[in-house]
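Student: Could you take a close look with me at one loop and then show how it sits within the rest of the model? I would enjoy a connected walk through the details.

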Amino acid sequence: MAAPSFTAAKFLAPVAARSGGERAPPLPATGAGFARPRRGAQQQQTRLRTALAVSSDVLAGNKAAQAASGQPAVTREEALELYEDMVLGRVFEDMCAQMYYRGKMFGFVHLYNGQEAVSTGFIKLLNQADCVVSTYRDHVHALSKGVPARSVMAELFGKATGCCRGQGGSMHMFSAPHNLLGGFAFIGEGIPVATGAAFAAKYRHEVLKQSSPDGLDVTLAFFGDGTCNNGQFFECLNMAQLWRLPIVFVVENNLWAIGMSHIRATSDPEIYKKGPAFGMPGVHVDGMDVLKVREVAKEAIERARRGEGPTLVECETYRFRGHSLADPDELRKPDEKSHYAARDPITALKKYIIEQNLATEPELKSIEKKIDDVVEEAVEFADASPHPPRSQLLENVFADPKGFGIGPDGKYRCEDPKFTQGTAQV
Amino acid sequence: MLGVARRRLGSGTVLGQLVQALRPTAAPASTTAARNYSAAAKEITVREALNSALDEEMSADPSVFLMGEEVGEYQGAYKISKGLLDKYGPDRVLDTPITEAGFTGIGVGAAYHGLRPIVEFMTFNFSMQAIDHIINSAAKSNYMSSGQISVPIVFRGPNGAAAGVGAQHSQCYAAWYAHVPGLKVLAPYSAEDARGLLKAAIRDPDPVVFLENELLYGESFPVSAEALDSSFCLPIGKAKIERQGKDVTITAFSKMVGYALQAADILAKEGISAEVINLRSIRPLDRAAINASVRKTTRLVTVEEGFPQHGVGAEICMAVVEDSFEYLDAPVERIAGADVPMPYAANLERMAVPQVEDIVRAAKRACYRAVPMAATA
């Protein structure tokens, strides 16, 4: 192949340089990357916007401060929550692979192994009212957002007890109670939808005056490196910044779009730089380290909640498996795969927890056992669940097939003879 | 070239002012109006009808908002949203950048999350840039999520041919959108249709594609007092018999309804009594009304402006064949636009869109009273 064998060196070097602070742009005197502008301070805002162009130096600054203080970045409860969530994502996806090869799951299945730090790092900071919009690689986003493992597994098996009663499938996970708004097969399709959900949150706050005391409800849009060349991505960066929407654009840059290397497809592969072009901060973070992701996520989400607008976060991550279970994954080099396997986020967090004495090895093992049981139970539940009844085929095409819904007398409103005369109560 | 009786540029005033305006009626359609409408003294243009519908629905429900290109400060590319920015402010009447895919998706996402957006396309030709969101994110979501996420959104804008705007600005999308389960597709003709159907569409919990017609915006129609009431709505999925007849059924939607009515007048002079059905709703199609009419007249002519292959007329023909085959006394006649991208030259454009004479000829063919083509060429 003519393409350079493995450009991670080129790719990682800027990261290393950045975390060492070599290319740090001048930051405002407060020292924190995401400085908080006072409301109405127009000039200050303009100045801050340019200064925030490349701000993963925040992490260097924070890490240095934290290392100096010797405190762990998370509490024991938080660390165990993160660990459990990542292990759930991993074990669940491995089980999906098994079930697929046994024929219980079918169609297109895209697994998230290796990227758990991004999902856990971001979604565990959200409230129930915050929204998540994802792509076809959405099982773990659903699990992190709180959709029960048995619902997701049953959905994958195509059973009536799935979160969408078997009508969506692997690529279309929706859950209204958890504000998981999909699950989209077309890359880039979820980004405008997420921007719309953020728009709705802002609208409800400003026009409908339905405010939460915590601030605006935040939306997270997850998508990949391939999507960052798509027109809709840029359209939404523009409009999200233009209207200061409470959204965080999370790029899961795993370097490959099926078999197309990111470097081969993109004129400027550093995606985080595309944020400042639209006036929003662009941050690059090591997506294999859940604590780093969580730091950046915290800032970005708080920014959005305060009404300061969107952030573009590029997470450098990697998928250990192929694009989908049908992908032979022949184009990625073994040394690249082993490089990232050595940076497995779950192993890294385990090591951190033990080194920082937040928990013992047996405690972590018991969490792993618990998750194994949860996933096993999910499979049994899905297996035992019924297939959707035949009557379900024609259901839910419309929320209200006849328009205007059912009137107070229990009949369809459009069948009320007063309706066409314009005198019926609607 | 357009053959439509009268065109008046509306002043686009909101409802409060227009109720006081009285305009004299004129020309053929008024005789029909006197028959079909009660107190026919008031006339409004389709533009005023749409504007008033938007105004009333935005006033009644604060979660309704309008977004699109030029809808705000420009007062609407065709002045349909005139006055709305001043009344509701920039939070509810949003001028968008020229990014159909992006802002349509934003509208859909907002609808997923509890608001009721109205997305305006400057023409439906531009909706092709956003068609992924109309179909994949909007139409299919209620089904994919098994009823959890409904999408109460309206996509509206002018559809079909205008005057000399060329191939990329003249396509009719009725058949395209009506093909998709999960969408409701409406095509108003008169001012009453425009008001009632737009209000219905905005209140509907499902995605609605609302196909207007640029050449109808300036046309005036008489409206009854009920139609001007703010709670007036028309049901989605029901057609209207614009003119009763007994010899042949002519179905049409949007601008072609006017042509069909003129054709019916011409046919009446020749002793053929045509029943004209204004479909109003392309999806769901009012199969019951069409079949009832065909069972009465036994002959059918479908009229549409769009391309013939896989068009609305083909679907209507099949709907009749499925339900009322034994009642048909003649093959179904289909009048559609020419099977070519719309030419620019005025005389070619005239030939590419159905004219009244085409409808008359088709009706006569259906009644086995055809004149050989050579005589009319």
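Tutor: Happy to! Let us begin with A:Asp329, which is placed in the loop between β9 and α12 of chain A. Please keep in mind that this is a predicted model. The backbone at A:Asp329 deserves a look, with phi near 60°, a positive value in a residue other than glycine. A:Asp329 has a relative accessible area of 14%, so this residue counts as buried.

The loop between β9 (311-316) and α12 (334-341) of chain A also holds A:Asp327. What is the nearest side chain of opposite charge to A:Asp327, and how far away is it? That side chain is A:Arg319, 4.3 Å away. The side chain of A:Asp327 does have a polar atom 2.8 Å from the backbone nitrogen of A:His323. If neighbours within four places in sequence are set aside, A:Asp327 is in contact with A:Arg319 and A:Gly322.

Now for other backbone features. A:Ile258 is another residue that is not a glycine and has a positive phi, about 55°. Its place is the loop between β6 (256-257) and β7 (260-261) of chain A. There are cis peptide bonds to look at as well. One joins A:Gly182 and A:Gly183, with omega about 5°, and A:Gly183 belongs to the loop between β3 (180-181) and α8 of chain A. In chain B, a cis peptide bond joins B:Arg283 and B:Pro284, with omega about -5°. B:Pro284 is found in the loop between β12 (281-283) and α12 (287-297) of chain B.

Side chains of opposite charge can pair when their charged atoms come close. Over all chains, the structure holds 47 salt bridges. One of them is between A:Asp85 and A:Lys124, whose closest N and O atoms are 3.7 Å apart. This pair links distant parts of the chain, 39 residues apart: A:Asp85 is in helix α4 (residues 76-101) of chain A, while A:Lys124 is in the loop between α5 (116-123) and β1 (131-133) of chain A. A:Asp85 is buried, because its relative accessibility is 6%, whereas A:Lys124, at 24%, is partly exposed.

A salt bridge also brings together the side chains of A:Lys350 and A:Glu368, at 3.3 Å from N to O. Because A:Lys350 lies in helix α13 (residues 345-355) of chain A and A:Glu368 in helix α14 (residues 361-384) of chain A, this pair ties together parts that are 18 residues apart in sequence. A:Lys350 has a relative accessible area of 17% and is therefore buried.

In chain B, B:Asp358 and B:Arg361 form a salt bridge with closest N and O atoms 2.8 Å apart. These two residues are three apart in helix α15 (residues 356-366) of chain B, which means that about one helical turn separates them. B:Asp358 is partly exposed at 22% relative accessible area, and B:Arg361 is partly exposed at 27%. Back in chain A, a network of salt bridges links A:Asp286, A:Asp289, A:Lys292, A:Glu316 and A:Arg343.

Finally, let us step out to where the chains meet. Which residues make up this contact, and how many come from each chain? Chain A contributes 56 residues and chain B contributes 55 residues. The area buried between chain A and chain B is about 4,400 Å², with carbon and sulfur atoms giving 65% of it. How many salt bridges are there between chain A and chain B? The count is zero, but 20 residue pairs are in polar contact between the two chains, both residues being at pLDDT 80 or more. On the side of chain A that touches chain B, β2 (174-175), α8 (190-206) and α9 (231-242) of chain A each supply at least two residues. Helix α8(A) gives the most to that side, with ten residues. By type, the residues on the side of chain A that touches chain B are 32 nonpolar, 16 polar and eight charged.

How values were computed: Residues are numbered from 1 along each chain as its sequence is written. Chains are lettered from A and ligands numbered from 1 in the order in which they are written. This is a predicted model: local features need pLDDT of at least 70, side-chain atom pairs count only at pLDDT 80 or more; totals for chains, interfaces and linings use all residues. Side-chain values use heavy atoms; hydrogens and water are left out. Contact means heavy atoms within 4.5 Å. Buried area is the accessible area (1.4 Å probe) that two parts lose on being put together, summed over both. A salt bridge is a side-chain nitrogen of Lys or Arg within 4 Å of a carboxyl oxygen of Asp or Glu. A polar contact is a pair of N or O atoms within 3.5 Å; within protein, one must be able to donate a hydrogen and the other to accept it, and residues adjacent in sequence count only if both atoms are side-chain atoms. Helices (H or I, at least four residues) and strands (E, at least two) are DSSP runs, numbered from the N terminus. Ala, Val, Leu, Ile, Met, Phe, Trp, Tyr, Cys and Pro count as nonpolar, Asp, Glu, Lys and Arg as charged, and the others, Gly among them, as polar. Buried means under 20% relative accessible area, exposed over 50%, partly exposed in between (1.4 Å probe, protein chains only). Lys and Arg count as positive and Asp and Glu as negative; His and the chain ends are not counted.
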